[in-house]
Amino acid sequence: MEVMRSCRKYIAPLVFCAQVASSFFDTALQMIVKERCANATDQDSEQKAITNFNMTFNMVLKFMPILPAILLAKVGDKGYRKVPIVVPLVGYFLSRGLLLLDIVLEWPLQVLYAVPVIHGLCGGFASYWAGVMALVSVCSGEEERSVRIMRTELVYGIAGFVGSLASGHLFDLYTVGLQQGAILSSLCVLLYFLCLLYAAFFLRVDLFSVLGERQERRESFGIINHEARDKINIALLFVSGILYDIAVAGGMEMLAAYVLKDPLNWGATEVGYGNAAGSLLFITSFVGVKMFTRCSVRDESMVMIGMVSFAAGIYFMAFVTTTPMYFLARSITLFALIPMPTIRSLLSKQVRGTSYGITFVMLQLSFKLSSLVTTPVYTEIYQATLDTFPGFVFILSSIFTVLSMIPISIVGCRSARHDGYERIQGN
């Protein structure tokens, strides 16, 4: 238990600092894109320019990490647990530095397409977050894994909340000789540099490695754990996760453009507050996991609760016309972040400890591959309905969320039947 506490103690500062930096980058990028596209003849043209840039940027961002992330995951599963974390942080540092140069030197907006290229070649978020999740999974037992993973997500969320609240105000700061957004972007680069130093020189990997080896030895002698590996459950969990990611990612990508147009027409401060509201969901979702765990709610049931929460909130978002209505819709999605970490926990119970890294990376990459199709589809639908019903894409996300509940409900039924069979055998 002491070793597990040490693991959490040393990974949390890295997760926190990196997510604050990420929040700074998200706000800076969103506002820079808006400013550069503001010369369009009308608002519809501006929205199309913004969504076209976001579509290309996000597709490159999702495609580039595929091969590097797989290679880094394999290296990590061989015992080099720092590699899938440190290498992506190099990409974060360099790519965020490019945004800073673009702001200061006033380069064309198209230069920013190099940001996801650099970021992806170093493994991107797929490798970084899978590496973090693999460490957390190795440091926890099966019974407590869902809470441990959600606790890491909580640190991630609190950091995003703090960073988002500050980012809008920091973006508006500027001095003589510096463009608006330069200070915010500089702080982002500085924080990523500190993260890189921390991960490379201060992260205590020896604790993770020792515990991982011990757990793997226990699993190799644990017949029940070995026999519990169920390919059907793994496939169902992947399908459920992919469908839910399509719903969330597609809806959130379009929401980033939706809030910049009338009737909301947000500025940098409101964008920061909106991102902070999204980060606040990490806290409410963590509280939900703790509450449901104490009530002995099964993991599969917690996933479905989170999906219902998001489906209702994103459906309501389709009819939002004022800022208070936006935050009300966000409040309905208070458990929306429960499904993904819980699905990861369920997956980790189906595979051995030496496969955590590659399993989590394959899950992340499956999200990215599916989004290569769904991102342009969502963008085309949003642009086609701008003049009639721009919120239609949010209803589409609600439908995908309902569909994602079908596979996870099957997993719940299979697991309940399996547990009942084990109890009968035990008696």
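Biologist: Is E106 buried or exposed in this structure?

Modeller: This is a predicted model. A residue counts as exposed when its relative accessible area is over 50%. E106 has a value of 52%, so E106 is exposed. This residue is found in the loop between α4 and α5.

Biologist: What is the phi of E106?

Modeller: Most residues other than glycine have a negative phi. Phi of E106, however, is near 55 degrees, a positive value. S296 also has a positive phi, near 60 degrees. S296 lies in the loop between α12 and α13, and its relative accessibility of 61% makes S296 exposed.

Biologist: Which peptide bond is cis?

Modeller: Most peptide bonds are trans. The bond from D262 to P263 is cis, with omega near 15 degrees. P263 has its place in the loop between α11 and α12.

Biologist: Is E153 buried or exposed?

Modeller: Buried means under 20% relative accessible area. E153 stands at 6%, and therefore E153 is buried. Its place is in helix α7. Leaving aside residues up to four places away in sequence, E153 touches W129, F282, P341 and R344.

Biologist: At what angle do helix α3 and helix α4 pack?

Modeller: The angle is about 145 degrees, and the axes of these helices are 8 Å apart. On the α3 side, L72, V75 and G76 meet V83, P84, V87 and P88 of α4. By class, this contact has six nonpolar residues, one polar residue and no charged residues.

Biologist: Which residues form a nonpolar patch on the surface?

Modeller: The patch is formed by L187, L190, F193, L194, L197, F201 and F202, which together have about 660 Å² of accessible area. One of them, L197, is found in helix α8, and L197 is partly exposed at 31%.

Note on methods: Residues numbered from 1 in each chain as written. Predicted model: local features only at pLDDT ≥ 70, side-chain atom pairs only at ≥ 80, totals over all residues. Heavy atoms only, no water. Axes fitted to C-alpha atoms, helices over the stretch in contact; angles between N-to-C directions. Helix = DSSP H or I, 4+ residues; strand = E, 2+ residues; numbered from the N terminus. Contact = heavy atoms within 4.5 Å. Nonpolar A, V, L, I, M, F, W, Y, C, P; charged D, E, K, R; others polar. Patch = residues over 30% accessible without salt bridge, like charges linked within 9 Å, V, L, I, M, F, W, Y side chains within 5 Å. Areas by Shrake-Rupley, 256 points an atom, 1.4 Å probe, with all protein chains shown as cover. Salt bridge = Lys/Arg side-chain N within 4 Å of Asp/Glu carboxyl O. Buried < 20%, exposed > 50% of the residue type's maximum accessible area, 1.4 Å probe, protein only.
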